[in-house]
Every structure is written in C-alpha cells, then in structure tokens.
Amino acid sequence: MRAAWLGSWKAPWGLGRGRRWGDLPWALSALGQAWLMGGQEGRWPRVDWEARLPFGPRPSGEVRSWGRRPEAAWVALLRHGRAQANPLAEGEDDSPCLHRAWEGLLEGDALPLLCLGTALLDRRTRAAWIPLLGAVEPDGTLRLPPFLEPLVPSAFRPLPPGWWEDLLGRMDSEGRLLPLGPPHPAIGQIDLGLLEPFSLPEAPAILGAHPGLGRQVAPGHWMLAPFLRGWGRGWGPTPEVLAHLVPAGLAHGDAPEPGLDLLLQGKIPSAPWEGWMEALHSEFGARAPFALPARTGHPTWDRLRAYWGGSLPKAATPGYPLGTDPHPCADPFHWLAAGQHHLRLQEPGPAHDHFGRAHAHFLSQRARTWAERAAQLAGACALELGDLVTHERWHRLSGRSAPAQLRLETGRALTHPEGAPGALEAARALLRKDPRHPQAWAFLGDHGLASRDRSLVEEALAQVRDPARRSLYEAFLSAELPPSPGEPSTPETRIQWARLAFRAGRWTAEQVFGTFEACANRLLHLEVGLEVLEADPEARTPQRLLQLQSIAKRAGAEPAFLRLCSFWPRLPAWPEEPEPILARAQALLRGSGLPIRVIWGELSPQVLGAGEAPPEGLIEMAFRDQELPPLQVGGRVWISHRLTWEGAAVGVVLVGLDPAEDLHLPPWLPLLAPWVARLAAQPAEAEATRVEGQLLLTDGSEPMASLLKTLNQVAPSRLPVVLLGPSGTGKELAAREIHQRSGRTGKWVPVNCAAYAEGVLESELFGHVKGAYTGASRDRQGQLETASGGTLFLDEVADLSPRLQSLLLRALQEGEIQRVGSDRVIRVDLRIVAATHKDLEGMVATGAFRADLWYRLQGSVLRMPPLAHRRHELPWLLPRIAAQVAREGGLPLPELAPGLARSLAQLPWPGNIRELRHALHRAMLRAGHEPLAPRHFPELEIPTSEADSWASATRRFQRELLLDSLRAHGHQVSEVARALGLARPALYATAKRLGLDLSEQRRRS
C-alpha cells in the first residue's frame, strides 16, 4: 500500500494552519490512516506518530505490533492532545453523540466517529484531503476513509496500477498534474486539449493505436493515463473536479436545493409533491394522523418519508453515495429514519446513536428545528436506556427549558420510594399547569405501584387514558389479581404485572426476569429487578447484579447502586489467628473448585492460587486497586476482596464465579489473612541500599523519573536553575544533587533568603569591609565569593527585596560583585540554584519579582512534585526513609507491618516528605520494639467498623483526590481539570456530586 502518509509521495496541500493534537480534524486524519492500515479489519497498529504542519499527523517508523483495539494513550492523544489524559473524559464541546463515538473507538469500533466526518468537515475540505489521506493498493485500487469515500465514485476507484499514485502524488498547488520522465511518443499524435480534462465523454481516437494509454472507467467517462496527461497539464482529483463527478446532495454536506432549504428551516415548501402537504402540516404543527405519501424518487424526501413510517430505499439514487446500501456517511434524514426503525424494534441503543448522528448532520446544515427534534428523540432513547446524564444533555440541546419536565423524566430512574421526591414535586407542578398532563399522571400511578400507595394509583386511574395502564392499575387495586395481564398490554405493563404477581407469591423471580427481554425500558428493569432481588436472595446471580449495576451507574441512581453492591458476598471477620501453614493454604485453594488467586506484595505482586487463570492484566489491576468492581470476562464474573489483618490491608483474593450460579464464597477465605501478613512483613531497608551518590529517593517512576533526567542534563552546564514546588518536597536535596553532578570543584553554599533582614542579607551575600556600618569590625567575605567556582543555593529566593534583586541581577550578568562599603570590583564564577515554594511566575506577572531577574535565573526550571503525586512510590520510599529517620534519631530499625505503605498512601501529606519523616519519627517512638503498624499513626484514624462499600470508598477516594489536586494547583480550576483529565464542566459536576463547593474551598485556602 502506498500513500502520502507512508512517504510514497508528497501531497500538494495539507490540513491547514493552526491544527494540533486534540483537534477533531487531526483526530479524523490520524484515525483515517490507522483505519486503512488495518483498523477496519480489527487490526489496529501500535506505532509512533509524528505531527508536522501543514500535513498533519502521520505514522513514523515501523509498526511494533497489532491490537484488537486502539491504544488508550493514542485515543487520549487524539481526543485531548495528551497521551496521559483520560481518553473517556469528555471535552467541553463534546455532544453525547461524539462522546459515544469516542467510547466506541476505545472498543475498536471507529466507524461511528469516522461517519461524523461528513458533519464535522465541509465537502471542499474533505475533497482536498483525498491526496493527503488516500492510499493505493498494489493492484491500483484507491482506498479512502469512510468520510471521503462518497466523494469518489466507486467506478473510478479501481484503475490500472500506478494511475492513482500519479493522480495523487503529481499534482501541483493548483491541482494540475506535473510531467515526469521522457514524453510518450504518442504525445505528438494527440490533441493536447484532450489531456486536460479528468475524464472524456467519448473514447479518443489515439486509443485505437495505443489502447494501453486509456480506459473506460464508467459509462460516459473515458480516462487517459495520468503519465500522458501530465504533459498536457491535465487536472488531478481536485475538489472542483470531484464536484462534477458526484452530484450535490445533503449526503455530501452540500447546500440544500430550493424547497429543501425551507424544509430544513422548519417551513413548508410552497409546492411539494402531491399528497405531501398533509404530512408536512402534521410534522410542523397539527401532529394529526395522516396517510403516508407516495415515493418521490428524490433521495432526501424519500428518507423523510421513511422517517414517517415508510421503508428505507436500498437502491442507489442520484445525489446519494453510490452502492446498493446507504453509505455510513448518509444524509440526516436517513439517520432519523434509521432511528425510528430501531425504536419500532424496541432497540433504543442503536436508535440513540442514529438520532445523535442526525443531530450532528442537521447542525452542520444549520437546521436548528430538525436538530432539536433529533435531540429530543435521542434524549428519549437515553431515558429508555437509563442514561440520565446523557438524557439531561440532550434535553438542553433540544431547546426545551421546562425544569419540571426534566425532573419528571429523570425521576423515572428513581421511582423507588426513597428516591423520587423531586420527581413527585415535578409531576405535581406540571399538573398544576396542565391538569391532563399524561406523563405526570402515568408517573404518579407507576410510583404508587412501586411504593404500594393505593391512593396515588386511585388518583392516577381517574385520569390515565392508556388502556394498558388502566388495566394494570385496576389489577393492583382489585382484591384478587387476574391470572394474566390481559389485553391490551405493552412490554412495560407486562413487567409491572409480573411485579404484582411476584408480590402475591404467584410468580417466581425467574418468571419476572423473563419478562425483561421484550422491554427496552432499562429503568423499569432496575426498579423491578432491585425489588425482586431484595425479596429473594436466591435469585441473586453475578450476571443479574452486573446488569442492574450497569443501569444504576448510567442513571446516576446512587441509592440503587449502593443497595446492589451490598448484595455481593463479603468476607466475614475472623476473630482469631490460625496457624498460617503454606501447605494447608494451597490445599484449601485447590479444594475450592473455583479459580482463585491470592495476591500480596509491596512493589510487585506475589501470587498463589489454583484453577483457571484470570484474564490478562486482572492480577495487576487487583494488586494495584485492591477491590475491583465485579467484572464479567468470558464465561466468569471476577470479584476481589481485601485481606485485612490488624487494621491493615495485607493482600487481596481474586475469585472467578459462574455468572448463573449462586453467590457464595468459601467461608475459610479470611484464614488466609494472617498467613499473607506473615509473608508480607518486611524489615526497613538500610539507607545504603539506595542508588550510590543519589540524594533524591525515587523508584525511577514518574513524575520523578522525568525530573531526574532533566536534572542530569542541566547539572554539568553553567545554566542557573530554578526549583519550584511546595515545602518539604526536597528542593534543597535536588540542589545538592545538581552540585554533585555538576563537576564544579568549588564549595556548595546554601543561603536562606527568608532568614535575614534586608541589610543583613546584603552583607551575607556580598560581604563587607571594615567600617562599612556599625559593628563591622573586620572585612568579611560574602557567600557569593565563597561559592565562586562552586554552587550558590538561594532558598526562598522570592523573598529577596527589590534592591537585592537588582544587585543579584548585576552579579549574574557581569560576574562581578562589590562588598558593602567598598568600591573594588571582585570577579566571581557563579552557578546559582534558586528555590521557592511561592508562585514565582505569578509574582513576575504582578510586578512583585523582577521579570529580568526571573528570565536570568530560569536557565532551567524544575518543578518538584508533591508527595501526593508520588503515593505509588511509598512502598519503595517508606523503608528507606524509615532507615534514615531511625539512624538520625538513634532509634532501633523497625519492622514494617504489611499494608502500612498502602495505608499511609491514603493521606494527603500537605507537608510532603518532611511531614512524612516527622510522622515516622513519632510512630517509631510509640511503637518501641514492635513492628511499625497503622495503629501507631494517629493521622490514619483507623476505623473499627466494617469496611466501606465499593461505591462509598470510591466516592471518598475521589473527594480526597480532588481536594489534593486543588491544593497542589492553587485552586486553579483549569489546571486541576487538566491534571485530572477532565473538562471544566465535568470537574464542576464532579465537585457538586461529591459535595464540594470549589469557591468555598478557594476561600478557605
């Protein structure tokens, strides 16, 4: 395969200026290339990418390997511009449709995102990208990403080998072909005017003598060989040429024709086809029943007819992408019709995606009325799916502003008695405005069924007109339940009737769950399924719990999610320590008959187990996260639980369950905890085990790895260095490290600029002569002289007064100083390392610190990460820091209890390494000769109650992480959002969900 992005030729134009990673055009460009390299067959390339203006991204180097899905880091780079970002984090301008398309890409399905290319890029731009993104197979066939395919007729794509390569690679900036090689002998026998057009309506006479110089590519289209046409400066596949080959139409993003433009504006054309007026008036106002009009033969009008209930046309039509089936990059009315088709089949998932694509295409046509209609339909599908977050976003995009209506609709996920007060109030508010509001009465009746409130059902029965619902309410109120739901009935009313039969003891849980398959309303599944599982513990299977938890999570129904989490089996507490015998533990694992793994360790996982091996990567995830939410992979549901001993997590047990079996864990699993604790116990390592000559302790992971790499690069130079970071992060140690690696033979001289008054500090830095001021009884050399040939470390440099800043700037620029009271100039060889915990850049912006001194100091700027960003290093750091503290304090070297590092990693450590050292010193004094355990750290406040649920522990962790990030970034919301990989709106929404007021937190700081 040959292409411009593979270096086979140079495209005549690029993507345009101002593009970068994180922009959708570049994402589509890179995605299109990966799609052609193998993504469309499910083989996504693992390859490095480079980006050069104006031609955009391209793969660099050889493909390392192939995967069934794109790499998450690559998707994050395309979406957010940073490979380290969360690829699932929503962008500020992402529509729900675009967000689902990104989610699909992570699963290996790139077509939804590529299909949006026709809505996100205009036709001319896409046509200009063909030389840039097109690829040619060895047989000469042109291959294009889906959003470019409709612009080149399928009959033109298979050309003789070499033709498409010449067409795409030999255009100049005007789109004309360049000659290459010696001219063909036939040049003199042909009219040069025939060489200019892209195709000819008839076969030229020259083909009689030289048939290899051209061919018929389609009826009425003859093409001469590009290498011949280059000598006549013929046209290549430019946007203008391609516009003549493919007729205009909405499917290509072209402007609508007269009549259709009025339809897109939400108006009725003056002279539509016969029989269409009644249907259009119903669509735009009356909403009255109408007879389906006849087909017109026009691609767009016939797809509007299919939206009303007709069948989608299958045959190719003018102005529509060629082929027997509608192309994925279709016009918006096709997506409306396809969405309605799936709704009729009770398939809200595909319908939601189709309506979302229709919304994107209508927006590109500036058809606001139709875009809002598509958003309303997509929101209704999201509600059926139980995705209330997406439903609320579609509600905003649909142009509807009634908050009571929104609360009523979202309340359908919380119709269980303790979850719907807001929805009940919304229903009452709507009924005060419209006493016959059908949705409000249906909600009140359904809520009465859920809460067994007869008065609500009686009130709703008097107003509801739907026969199926009336029959259901009457069955609830009757003294004796009918043997069947009766007719008429709907899938929803059949589930509700099954609930009543289950309450009456006439139906089993299996029969109730059997009614779910025919109903697309996931929220009703959640409500009824939760009630059944609460009443019948034997009906709880991993598969059912996972399905209902997924619905609750999408709906944001936290009470329901927490109750479902409580149904999973938990390890009981074990009061006494049995003898931890390795052989006995292994025998227990083998005799369980379950796939089971016990995992422990601090820096790397140690594993013992029996049975089927867990899926790849699951052991590492359990080791890292301790407790995972239940995951269904293949034919098993895998769950994990912490093993705790003496208040600390010592390991984790990972068990695979059959999805259809009962939820039972072996009762002897807690016996493993003390045995794992014995294995995991470790002595504090001596400080000598650290890397020789390295003062900064690190296990070599990020963010310290990058810092040390930069430090090692700048240390041998004479450049000044600025160290920024919170107090206690090791700025002075980093400065010493720079001096050690610099190779300078002079002294290391530290000066704390905050420890002296201005006059004293001037003398400290520059020295003085005898008699310079009262008390100056002798000449004194300043620290700048002392550090000549070595390194001067200026700690808290932000506290320098403006006058001293000026003097220091001169010393740096000229390499000269003067002692206080002296006129003699002294030459010095200075290497300065400065440090501060303050926002030096902000001080420069406000004028509190000299900008010219800042520019002089910042030869290199190193930012020391806080301990909160290095928690993953604690298993490595803790034994080494403990050894240092014990030696410096004259204390015995303690043994570290298993799980101690993980427990300490839960704390924010605002004082960083310095605070950790003091905490360790105090804990050693409390522990005496005992192993150092979490109980010796009052900061941990070890809970004695049963462990939190997964959801509450996750919520607490997210709250602590957000607070830590706010402190670390000075409560700058944009910086916090970037660090966490969130969009600003998502950050505000998360803070609100966690009960944090960002403004109040900033005020407190």
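This is a predicted model: local features need pLDDT of at least 70, side-chain atom pairs count only at pLDDT 80 or more; totals for chains, interfaces and linings use all residues.

Trainee: Why are α14 and α15 called roughly parallel?

Mentor: The axes of α14 (residues 299–307) and α15 (residues 332–344) cross at roughly 20°. Angles under 35 degrees count as roughly parallel, therefore the two helices get that description. Their axes come within 8 Å, and the crossing is left-handed.

Trainee: Which residues make the contact between α14 and α15?

Mentor: From α14 they are T300, R303, L304, A306 and Y307, and from α15 they are F333, H334, L336, A337, Q340 and R344. By kind, six are nonpolar, three polar and two charged.

Trainee: What makes α14 largely enclosed by the rest of the structure?

Mentor: A residue is buried when its relative accessible area is under 20%. Nine of the nine residues of α14 are buried, so the helix is largely enclosed. Among them are W301, D302 and R305.

Trainee: Which residues touch the most other members of the largest nonpolar core?

Mentor: That core has 109 residues, and those touching the most other members are W74, L304, F333, L336, F362 and W370. Helix α1 (residues 24–37) gives the core its largest share, nine residues.

Trainee: What does L336 touch?

Mentor: Leaving out residues up to four places away in sequence, L336 touches Y307, F355, A358, F362, W370, A374 and L377. Contact here requires heavy atoms within 4.5 Å.

Technical notes. Residues are numbered from 1 along each chain as its sequence is written. Side-chain values use heavy atoms; hydrogens and water are left out. Axes are lines fitted to C-alpha atoms, for helices over the stretch in contact, and angles run from 0 to 180 degrees between N-to-C directions. Helices (H or I, at least four residues) and strands (E, at least two) are DSSP runs, numbered from the N terminus. Angles under 35 degrees count as roughly parallel, over 145 as roughly antiparallel, 65 to 115 as roughly perpendicular and the rest as oblique. A crossing is left-handed if the near helix is turned anticlockwise from the far one by less than a right angle, and right-handed if clockwise. Ala, Val, Leu, Ile, Met, Phe, Trp, Tyr, Cys and Pro count as nonpolar, Asp, Glu, Lys and Arg as charged, and the others, Gly among them, as polar. Buried means under 20% relative accessible area, exposed over 50%, partly exposed in between (1.4 Å probe, protein chains only). A nonpolar core is a set of buried Ala, Val, Leu, Ile, Met, Phe, Trp, Tyr and Cys residues joined through side-chain atoms within 4.5 Å.
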